[in-house]
Amino acid sequence: SMVRYLLISVVSGILFGVLDGIINANPFAQRLFEFYKPIARKSINPLPGIVIDLIYGFVMAGVFLLLYTSLPGELGLVKGVSFGVMVWFFRVVMYNASQWMMFPVSMKTVLYSLAAGLGEMLVLGVLYGLTLKPAV
């Protein structure tokens, strides 16, 4: 239903922000991402970040629903995991490959970003798979 879509979109947008904060603001990640410090913003305005994460939530939930019947598996959980892996490739793997090619980023940083991104995308994919189903 539309109410379920709206609710899950907001929840996933909030989850996006929380997971990104956990992934990027922990002490281990801060040490790995020191490389970016000279080009990173000195402060971040949280309002645009919240809006962007909410938009991501709506778009991701909508794309999941559009692709639902094409995703492998019969169970929503399997479809969610498939979606999470697919989004991980297009969002995380391609970004990290580009970063590795353009900047002298350590392999440790790349591997952390790949693993953390996979975890994040799987959490979101499972959320969608367990809660969303297209109206027939």
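A: Start with one working term: two residues are in contact when heavy atoms lie within 4.5 Å. The model is predicted. The part to examine is helix H1, which spans residues 2-25.

First, the setting. The chain has five helices and zero strands. From the N terminus, the order reads α-α-α-α-α. The C-alpha atoms fill a box of roughly 50 × 30 × 20 Å along the principal axes. Of the 136 residues, 37% count as buried. Take the contacts with a separation of 6 or more: 76% of them join residues 24 or more positions apart. The accessible surface is about 8500 Å², and 75% of that belongs to carbon and sulfur atoms. The chain holds 9 positive and 5 negative charges, whose mean positions are 3 Å apart.

Now H1 itself. Its 24 residues should span 34 Å at 1.5 Å a residue, and this agrees with its end C-alpha atoms, which are 34 Å apart. Which residues of H1 are buried? They are Tyr5, Ile8, Ser9, Ser12, Gly13, Phe16, Leu19, Asp20 and Ile23. An α-helix has 3.6 residues a turn, so residues three or four places apart point the same way. What covers the buried residues of H1? The cover includes H2, H3, H4 and H5.

H1 also contributes to the largest nonpolar core. That core has 28 residues, of which Met60, Phe64, Phe83, Tyr112, Met121 and Tyr128 touch the most other members. The elements that give two or more residues are H1, H2 (27-32), H3 (46-67), H4 and H5 (107-131). H5 gives the most, with eight residues. In soluble globular proteins, nonpolar side chains tend to be buried together.

Leu19 counts as buried because its relative accessible area is 16%, and the cut-off is under 20%. Beyond its neighbours up to four places away in sequence, Leu19 touches Glu120 and Val123. Ala116 is 97 residues from Leu19 along the chain, yet their C-alpha atoms are separated by 9.2 Å.

Glu120 is found in H5. Is Glu120 buried or exposed? Glu120 is buried, with a relative accessible area of 4%. Leaving aside neighbours within four places in sequence, Glu120 is in contact with Phe16, Leu19, Asp20, Ile23 and Arg91. Phe16, Leu19, Asp20 and Ile23 are among the buried residues of H1.

Ile23 leads on to another contact. Tyr112 touches Ile23, and also Asn26, Phe28, Ala29, Leu32 and Phe33, again not counting residues up to four places away. Tyr112 is one of the core residues that touch the most other members.

Asn96 has its place in H4. Asn96 is buried, at a relative accessible area of 6%. Trp100 is partly exposed, with a relative accessible area of 44%. Its contacts, with residues up to four places away set aside, are Val105, Met107 and Val110. Trp100 and Val110 are 10 residues apart in sequence, and their C-alpha atoms are 7.2 Å apart.

Last, a loop residue. Gly73 is found in the loop between H3 and H4. Gly73 counts as partly exposed, at 32% relative accessibility. Its contacts, apart from neighbours within four places, are Val78 and Lys79. Gly73 and Val110 are 37 residues apart in sequence and 30 Å apart from C-alpha to C-alpha.

Back to H1. Its buried residues are covered by parts that include H2, H3, H4 and H5.

Definitions and conventions
Residues are numbered from 1 along each chain as its sequence is written. This is a predicted model: local features need pLDDT of at least 70, side-chain atom pairs count only at pLDDT 80 or more; totals for chains, interfaces and linings use all residues. Side-chain values use heavy atoms; hydrogens and water are left out. Buried means under 20% relative accessible area, exposed over 50%, partly exposed in between (1.4 Å probe, protein chains only). Helices (H or I, at least four residues) and strands (E, at least two) are DSSP runs, numbered from the N terminus. Accessible areas come from the Shrake-Rupley method with a 1.4 Å probe; for residues, only the protein chains shown count as cover. Lys and Arg count as positive and Asp and Glu as negative; His and the chain ends are not counted. The place of a charge is taken as NZ of Lys, CZ of Arg, CG of Asp or CD of Glu. A nonpolar core is a set of buried Ala, Val, Leu, Ile, Met, Phe, Trp, Tyr and Cys residues joined through side-chain atoms within 4.5 Å. The expected span of a helix is 1.5 Å times one less than its number of residues.
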